[in-house]
Amino acid sequence: MLELLDIRKRFGALVALDGVNVRFSPGRVHGLLGENGAGKSTLMNVAYGMLKPDGGQIRMNGTPVVLRSPREAIAKGIGMVHQHFMLAGAMSVLDNVLLGDWRATQFLNRRRAADELAALAERLGWTLDPLVPVERLSVGQQQRVEILKALWRDARLLILDEPTAVLTPPEVEQLFGAVERLRDEGRSVVFISHKLGEVKRICDDLTVLRRGRVVWEGAAEDVSPAELANHMIGRDVETVTRATFSRRGHATPIPDDTLEQARLRLDNVTAANLHDVSFQISPGEILGIAGVDGNGQQELAAVVVGLRPPTRGRVLWHGSDVTAMSLEQRRILGFAHIPNDRKREALVPTMSVTENVMLKEYRDPPMSRFGVISWPKAAAVAKHVVDQFDVRAQSLDVAVATLSGGNQQKVVLAREFAIQPRVIVAMNPVRGLDVAATNFVYEQLLARRAAGAAILLISSELDELLALCDRIGVLYAGRLTMTNFPATGREAIGRLMAGIDLPAESR
Ligand SMILES: Nc1ncnc2c1ncn2[C@@H]1O[C@H](COP(=O)(O)OP(=O)(O)O)[C@@H](O)[C@H]1O
Ligand SMILES: [Mg+2]
């Protein structure tokens, strides 16, 4: 149905697509697999007319075509649901679907349009009220609106860019049901993901991209998840297991009576999106917080590090109330923060490596005296921490934006761990990193745990938490449920993540 032939695309010096060939057939689900930055979104943005390729050819049913805009792609039967949705929140589902549709004028009868839309949803196994404003829908439901919008325009080929990243496990099942129906209707679905198990389950054909090149293609049934992982990463994958890491270099136990004092405690903390959250973390302990993104994780991290005050409740450290302390004050006490989005929250991408390492220290000696920054001293300190963390950069003067994701994260760790932190709040610390960088971050966290830091690890990757944490709680809709992990297994934690309440004894 659609062929992308020898597609090339550069962004400045970066070669995002280096001669990619791929063919999508009717009645098949085609998985596009690859690590972050492999070029998946870029390739499909080319197919959707959003990006102009630097070279190559696109053919539909054997005939060369030029797609100058999404409008032209849609007219030719191509639909795409992006990683970040593009809906108008205050408008109803129906109006979002009709928005910009050339046939909308035919539907002067809104009632009839609403009925047709509800029927379309039902055909996919979904119930959806067309008249409800989009902003009142969950993320999973909004995704359905995006899919309906594409099908309303009669997409014969539907591109889904990492659709499961924002879904709970039951929502994933419902999406898969719909994808199967679309396939049975003879449509072609492109399913972008980096989750191997999912791709194996739902796809017929697979293409693996690495650094803008196709490194493997074939039938999904002919390849194991481990083989796919090797193709994605390009070398043998060392899977993180609890056995690899656990107990390695655990801190010496602290006597019970001093422990009470030494803990980080949250008492009944309530904030936007957080309801009555309480927990304690001892020195030398990693408390994991599992959950699908958007269930209060950002707010929890913000309250603990001092970015946002809670509306109710207290944060205690070593027995003293630090609730009113700012981020800077808590940093002096030894609070370190590895935020969710390193490019936006942790680094200033246009500033140099040295400046980013300095970002939080510039006011204090030896970096500055009487308010004057000593750049030679700063550069020496930056060089020392950066060497320790093996940051690979052309020089420390280049903009942090030019570093790979793994090296950017090392800059964040170098800065945050330079203060010998006693409390660490880390959120999705290895997102988008390759295997080597991932292992490095894990090693560093475990080294800090061995050095007696109290660590709050917030992650949407359950495997990571199972491998690294001493205890695990689950955040759902802003509420924290503690589990009896390690006695509690993956399945029960998965159910709590989906909002299914379990009796206390099976948590
Ligand atoms: N608009 C852009 N400008 C500059 N670089 C970009 C742009 N879009 C993507 N890139 C870069 O191209 C590469 C491929 O990105 P992308 O296609 O988004 O990867 P994927 O979807 O597989 O994670 C990455 O290195 C990314 O940083
Ligand atoms: Mg992408």
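I looked up Thr 42 first: one of its polar side-chain atoms lies 2.5 Å from an oxygen atom of ligand 1. I count a polar contact as a pair of N or O atoms within 3.5 Å. The model is predicted, so I kept its limits in view: local features need pLDDT of at least 70, side-chain atom pairs count only at pLDDT 80 or more, and totals for chains, interfaces and linings use all residues. Residues are numbered from 1 along each chain as written, chains are lettered from A and ligands numbered from 1 in written order, and side-chain values use heavy atoms, without hydrogens and water.

Next, Ser 41. An N or O atom in its side chain is 2.9 Å from an oxygen atom of ligand 1. At Ala 38, a backbone N or O atom lies 3.2 Å from a ligand 1 oxygen. I noted that the protein covers 59% of the 560 Å² of accessible area that ligand 1 has on its own (Shrake-Rupley method, 1.4 Å probe).

I then checked the shell (a heavy atom within 4 Å). Among its residues are Phe 11, Glu 35 and Lys 40. Helix H1 (40-47) and strand E2 (14-24) each supply at least two residues; H1 gives the most, with 3. Helices are DSSP runs of at least four residues, strands of at least two.

Last, the sheet. I found 4 strands in an open, antiparallel sheet, ordered E2-E1-E4-E5; pairing takes at least two DSSP bridges. E2 and strand E5 (63-65) stand at the edges with a single partner each, so one side of each lacks a neighbour in the sheet. Strand E1 (residues 2-11) pairs with E2 over 8 bridges. Lys 9 has Leu 17 in E2 as its bridge partner.

How values were computed
Polar contact = N/O pair within 3.5 Å; in protein donor to acceptor, adjacent residues only side chain to side chain.
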